[in-house]
Amino acid sequence: MAGRSTQGPRLGCAFYRTDVGHEPVREWLRSLGKEVSKAIGSDILTVQWSWPVGKPLVDGFGGALYEIRSTYDRKEYRVFFCIAHSKLVLLHGIAKKTRTTRSADLELPRKRLREVVAP
């Protein structure tokens, strides 16, 4: 296939998993419906293949916490992630309701980030 790279994505992808085996971001994506989750998944793939990526698709919060910024049907969605062991680790997802990301929406992904990167 001419013009296609034989190399894979720059980063793998993993879902944060709770102690009891739940994958909250995967469950959240499934709850959004096929079209919305497909649009968000496409943005996740773009980040995997093109990392590093900046605004408007990706923004950082410092401390190794980032967000993928997706829009579908004029609604905004955020998937918070970190990078660990050459993988994009999807920590938390929200449907954005306010102009700025509320600090309460950052507490859970920061907690999960600490669990993922803890020695």
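Buried, in these notes, means under 20% relative accessible area. I'm working from a predicted model.

**Gln48.** I looked up this residue first. Gln48 sits in helix 2. Its relative accessibility is 9%, so I put Gln48 down as buried. Which residues does Gln48 touch, leaving out those up to four places away in sequence? I get Pro9, Arg10, Leu11, Gly12 and Cys13, plus Leu88.

**Main core.** Next I went to the largest nonpolar core, which has 18 residues. Ile40, Val47, Val58, Ile68, Phe81 and Leu88 have the most contacts inside it. Helix 1 (24-32), helix 2 (34-50), strand 4 (75-84) and strand 5 (87-96) each give two or more residues to this core. Which element gives the largest share? That's helix 2, with four residues.

**Val47.** I then checked what Val47 touches, again skipping residues up to four places away in sequence. My list reads Val53, Leu57, Val58, Ile68, Phe81 and Leu88. There's also another core, apart from the largest one, and I count 10 residues for it, including Tyr16, Leu65, Phe80 and Val89.

**Helix 1 against helix 2.** Last, the helix pair. The two axes come within 6 Å and cross at roughly 130 degrees. At that angle helix 1 is oblique to helix 2. Which residues make the contact? From helix 1 I noted Trp28, Leu29 and Leu32, and from helix 2 Val36, Ser37 and Ile40.

Methods: Residues numbered from 1 in each chain as written. Predicted model: local features only at pLDDT ≥ 70, side-chain atom pairs only at ≥ 80, totals over all residues. Heavy atoms only, no water. Core = buried A, V, L, I, M, F, W, Y, C linked by side-chain atoms within 4.5 Å. Buried < 20%, exposed > 50% of the residue type's maximum accessible area, 1.4 Å probe, protein only. Contact = heavy atoms within 4.5 Å. Axes fitted to C-alpha atoms, helices over the stretch in contact; angles between N-to-C directions. Parallel < 35°, antiparallel > 145°, perpendicular 65-115°, else oblique.
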